Amino acid sequence: MQIEPIPAFEDNYIWALRHAGQVAVIDPGEAQPVLRFLDRSGEHLAAILVTHRHGDHIGGIAELVARHPVPVYGPALEAAEVVTEPLQDGERLTVLGIDFEVLHLPGHTRGHVAYYRPGSLFCGDVLFGAGCGRVFEGTLDEMHASLARLAALPPETKIYCAHEYTQSCLRFAQRVEPDNPALGRRIAAVAAQRAAGEPSVPSTLAEELDTNPFLRWRSPGVIAAATRWLGRAPANDAETFAAIRLWRDSL
Ligand code: ZN
Ligand code: FE
């Protein structure tokens with residue numbers, strides 16, 4: 001299977017999975033870029049996967065299924081207007097002959113799901129390069145628990161997120177942990193990728209564990225930053241995460 005990003009809007013990626021002349025797309029917020037991709041490749045759309053209900057992730061589905069009537073896999077808890085195959089946490093699905101596991105990861109939205117197979121995670125707006133999604137519907141504790149599930153995946157897992165936000169996230173990460181040497185290296189590497197017109201994603205979970213302040217609630221630098229924001233030491237990992245998320249939201 002090949003995995004390719006289809007750029008959409010300003011900074012979205014619609015991930016295309018390609019295998020044996022068939023394509024599945026994840027989070028098609030727009031139809032036109034997907035239709036152009038199918039025209040160019042001569043491949044057939046076989047399935048659509050959805051991570052959550054936001055328009056920049058589902059906005060193209062009606063137009064796509066009008067032309068290509070394919071199953072639409074998505075969270076059981078939301079996006080019912082487009083999802084034909086609702087999925088719960090822990091369920092498995094087979095797309096293009098490849099098995100994925102569904103992870104329910106509430107926080108950004110109530111029903112947000114991610115799709116995992118060994119080596120690859122398609123995580124929508126939960127985890128970004130050096131960042132994480134805003135907590136719109138769930139609680140900060142729920143988002144922390146969702147990110148903790150991802151942090152426990154194998155470190156070589158590639159992180160296919162839905163946005164090109166890495167550079168702005170890295171600027172904030174450096175404010176949190178100015179003394180983290182891995183951050184300086186990543187900032188330089190991502191600047192080179194972006195200057196060459198390349199996506200900064202997928203990253204690996206290992207890179208995120210080294211540089212993403214929203215996964216580094218055990219890092220002394222992140223705990224110190226959370227302590228400054230709160231005016232006292234955080235009581236636990238979830239509170240460290242919450243302080244960093246609230247600081248980011250305040251900017
Ligand atoms: Zn979203
Ligand atoms: Fe989004």
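Is His 57 buried or exposed? In this predicted model, where local features need pLDDT of at least 70, side-chain atom pairs count only at pLDDT 80 or more and totals for chains, interfaces and linings use all residues, side-chain values use heavy atoms, with hydrogens and water left out. Residues are numbered from 1 along each chain as its sequence is written, while chains are lettered from A and ligands numbered from 1 in the order in which they are written. His 57 counts as buried because its relative accessibility is 0%, buried being under 20% relative accessible area, exposed over 50% and partly exposed in between (1.4 Å probe, protein chains only). Asp 56, at 21%, counts as partly exposed.

Both residues belong to the iron site. The iron ion (ligand 2) is coordinated by Asp 56 (OD), His 57 (NE2), Asp 125 (OD) and His 163 (NE2), at 2.1 to 2.3 Å; donors are N, O and S atoms within 2.8 Å of the metal (3.2 Å for Na, K and Ca), and with water not among the atoms, sites may look incomplete. Asp 125 also bridges to the zinc ion (ligand 1), which lies 3.3 Å from the iron ion. In sequence, the iron donors follow the spacing D-H-x67-D-x37-H.

Turning to the helices (DSSP runs of H or I, at least four residues, numbered from the N terminus, as are strands, E, at least two), α5 spans residues 166-176 and has Thr 166, Cys 169, Leu 170, Phe 172, Ala 173 and Val 176 buried. These residues lie on the same side of α5, because they cover an arc of only 165° around the axis, taken from the directions from the helix axis to the C-beta atoms.
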